[in-house]
Amino acid sequence: MEQAEARALEVIRQDALDASAFLDELAGFPGGDKVKNCMQCGVCTASCPLSFKMTETPRKIMEMIKAGLRDQVLASDTMWYCASCYACSVRCPQGISMADVMYALRTIAIKTARNLSAAFYQTFKDSVRRYGRMHESDLMIRFALRTNPLSLLKMGPLGLRMLMKGKLSLVPPTAIRGAREIAKLYEKVAEMEGGA
Amino acid sequence: MKVATAPGTEGQAGAATRFSFFPGCSLHTTAREYLDSVVAVMGALGVELEELDDWNCCGATALSSADMLLSYALPARNLAMVSELGLPLAVACNSCFVTLSRANSVFRSEGPWRAKVNEVLAALGRKVSKPVEIRHVLHILRDTVGLDRIRAAVKRPLAGLKVAPYYGCQLSRPRHEFSDPEFPTEMDEVLAVAGCEVVRFDRKTKCCGGALMTTKEDVVLEINEQLLREAATRGADLIAVCCPMCQMNLDAYQGKINSRFGTRYELPVVYFSQLLGFALGFDEAVMGLARGFVPATKHLRKYA
Amino acid sequence: MAGPRVGVYLCHCGSNIADKVDMDALREFAAALPDVVVARDYKYMCSDPGQDLIKADIKEHGLERVVVASCSPRMHEPTFKRACLAGGLNPYLMEMANIREQCSWVTTDREAATRKAKALVHSAVNKVRLLEPLQESSVPVEPRVLVVGGGIAGIEAALKIAEAGHKVVLVEREPSIGGNMAKLDKTFPTLDCAACILTPKMVSVAQNPNITLLTYSEVEKVEGFVGNFTVTIRKKARSVDEKLCNGCGTCQEKCPIKVPNEFEEGLGMRKAIYTPFPQAVPNKPVIDRANCTYYKTGKCRVCERFCPPQAIRFDQEDEILTERFGAIIVATGYKLFDPSVAAQWGYGRYDNVITGLQFERLCNASGPTGGKILLKDGREPKAVAILHCVGSRDKNYNEYCSRICCMTSVKFAHLVREKTGAKVYDLYMDMRTFGKQYEEFYNRVVAERDIYFIRGKGAEVMQDPVTGQLLVRVEDTLLGVFREIPVDMVILNAGISPRPDAQEVAQKFGIQRSADGFFLEYHLKLEPMKTANEGVFVAGTCQSPKDIPDTVAQGAGAAAEALKVILLGQVAVTPTTAEVQESLCSGCRVCIPLCPYSAISLDEAKGVAVVNQALCKGCGTCAASCPSGAMRAKHFDNRQLLAQIEGVCADD
């Protein structure tokens, strides 16, 4: 209860919220330019398979974006629950691709977020840079090492069964022939994005 | 997003039957049986699949959550290689299909992302000048090979085998090439010509949670239980899928779901191509039908 | 030799023109143009004093041509034409230059505006010197009106015209008039029974001697022009002699064939020989030949056997009528949006997911359940969900708002409570209760017990695979939570859409459609019943979604428009038409198929083209295509147009 009240007061005092700046930032992403059209119908929330677990529903996030609450939006857990199933986008009566807005929010937030999902996506990104392809065993091991090494024990039984069924390989992964090209690709992207 | 109209024409025999093939990272490991069965089925039906040489990971949903430009540029390397070959590209994994299509769409018009992606590719000495034709294997089977040819090639129709067709979410959304964003029929039709009794499955495109099983296990187990529950209630003998992530979540974690929710599901989850291959006469081992955590073998005994 | 004496009038239009265009400079410029004997500027040329300037100068200065530089001709061309006429000058010797919409209103650059205004005035002066006087003529008007569509809009229009003492033919495609309103149970906000307020009007239509009611009939072709339309109507064969039939209904009782009844929105059946509903007007049945056994196999004929007045006529044929009318009112109504294209709401997949019109039939005492609200298996529902905006306000289907669904939903909520003990969940994005006594009605219903208004758009309808219970998923946006509500019945308030044959109908009557598919009115705010085709009017939901009060108002308004046409007895024929210079015409016939109004024909005897001056609208297509220059567009001929161009380019 207390936390909710504090947040409400915060909004009232911040008359100078620069909603336009945040909207412009999102407009630079594909699908991020129609946020203002949102009529708050809630179809996105009601179509989302995971919205029942989110602290702020997708619809509420849209309203928070329109109000300029950038920090609160990026700190929310909503976008990390998004599975990119596009049910929301397909049904939105205003034709807003909610799933693409979620992608945009994650790519902005990932730079400062400290949670499992952010770590997972970063690990994936690094893993692919190394080998050009994603090797499940390599990904899971690195992810565990990065976040919680003990989780490897939890995954153990499942991993073992998959090994036995030939679905997993503990052979160290080899990079594709074009691995250096991939590295160059990553470098070029980083350079274009201003050393992000 | 507009509702799609049914695309393609059926049984276009004489249309392109040679494809460049993008397996994606899962098909060589956790989804080996998908690769094996697709290659076998396509071969039997006269479709040539040539694995794209030195392909790289498409990035799936992970990269578009980490870095926007990278998420377009990385799959675009594959598109650049395919466009040099001048062949259409066949894809089996839903996630790869949607990610490659997303990158491909950038080349349909003169937008800012097209220029950016081409700038990245230029640094590698590559470029994409026009969109590549990307086809999911379900469409190749239904529209290029045609249901009639498949039916004629079936050696042991799987009559009486009740199958719940589970498409997953990324196949028919947001792209509009499939017959309906929420109730597509392509897999139903292909399974039906293999002789299967396709049961009603209202949740056929409800998301399985995909990669979130790793980071949000609790809630993803919950939504997968709902999928299994409906399939079981509809009397399905097994669930047919076309995506490695859906297969993993529903199959490898079925044990965990049972212990978590006190349920007793025993539903094999197989790729539709494994069933189709089996119907075309390939034997169980080749189709990898025992490789699931919940093996499918006992349901197929009567068709031996 | 001096040319005709030209007077130029420059309007300030308050500050609209004068604050961008240097009026003094413009006036001096105009005065110096050849043949200009008077150049004046004035604050408001369209005002009485402004017009008086023109009238006075024509007499005093012997003006033979007038140029008015002001706003768009669409605003005041008739005004200035009348002024010239009043001053004794042929109104077709007046030319306008638009120095407002095409000049002062589209720039902030004073110098550029003044330069352009000069060019436009020069151009107008050049043209006006080459104009010739033209005479308006008139043609007599056929004093009859055709009303197409027998719903409440068409009924209202027909009655107003007939009660004014004029002849109307009302054509209706279905076997009975009444339209969609006849399907309703109660109407908001008064909760009047729809049939009770509609049927007296239907009976009036049948009884009014000035109305010829043609039901089970369709318009096949429309030719002609305002005041003189020639319409071909097909009176489909009822297979029943209407004069003998007394409406006893025996045939319907005896007929062995049952087919789904369109009037019952698929929920009930009718016979192959049928009247669509008990209060049908006319109360004469029709044989649906596609389903009647006799027409398929030659057997049965039970109706004929049992008909007391022996009125069955199996070999009756369609009748083709050709009628003349002065004005036409199109009131063809709407079709409900079909939610089967939207899989997420389960329409067509789950039992007990129904549309608003289907629910009306359930409520209606003469409907398939005798007025009881029942599920498909005959049980009474314990919980009902009502969804607003199904197919409306949705870029995936129809972007517009269907206007009546919010009120309809509130009405339904009330009716469910009145007739059953079910809980009601009304899922809305907004509550649009805009009309007279609408908000008060909403406030009444909001206070009722066990009706839950939830602000959120119903996203999907699922079914519990084990229990079969329907589940509606919505976000309660005011609370910010996801809700899954178990209900027994879901009412989808599907929106109003244009009918599927709207394009065909529009083409038949020479009218256009707006982007949303409804018929296009002449002006959205000021002329909602007129169309671009003079003499053809629209009324009711075929023009846009609306409720009954607005439909009735438009029906009456369209009647006034039609009466305007026929009461004047004559219709003016604008003389700015095309004309054939016979000596130059080789009879090549290139122009004939190009004319959008089919106004040109070949005079076989003379071997030259002939233009029907009444049909011609002066579009100029024929003149532009004529290879020999024989076709001349009066008031816009080549010499005049070239002079205009020279005027524009002269001062650069």
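This is a predicted model: local features need pLDDT of at least 70, side-chain atom pairs count only at pLDDT 80 or more; totals for chains, interfaces and linings use all residues.
I began with the secondary structure of chain C, which comes to 17 helices and 34 strands. Both are DSSP runs numbered from the N terminus: helices are H or I with at least four residues, strands are E with at least two. I use residue numbers that run from 1 along each chain as its sequence is written, letter the chains from A in the order written, and take side-chain values from heavy atoms, without hydrogens or water.

Next I looked up the extent of chain C. Its C-alpha trace spans about 95 × 70 × 45 Å along the principal axes. Of its 652 residues, 54% are buried (under 20% relative accessible area, 1.4 Å probe, protein chains only).

Then I turned to charge. Chain C carries 78 positive and 78 negative side chains, counting Lys and Arg as positive, Asp and Glu as negative, and leaving out His and the chain ends.

I found 17 residues of chain C and 19 residues of chain A in contact (heavy atoms within 4.5 Å). On the chain C side, C:Lys395, C:Glu475 and C:Phe482 lose the most area to chain A, together 36% of what that side buries. I noted two salt bridges across this interface (a side-chain nitrogen of Lys or Arg within 4 Å of a carboxyl oxygen of Asp or Glu). A:Arg59 pairs with C:Glu475 in a salt bridge, with the closest N and O atoms 3.0 Å apart.

Terms used:
Buried means under 20% relative accessible area, exposed over 50%, partly exposed in between (1.4 Å probe, protein chains only). The place of a charge is taken as NZ of Lys, CZ of Arg, CG of Asp or CD of Glu. Buried area is the accessible area (1.4 Å probe) that two parts lose on being put together, summed over both.
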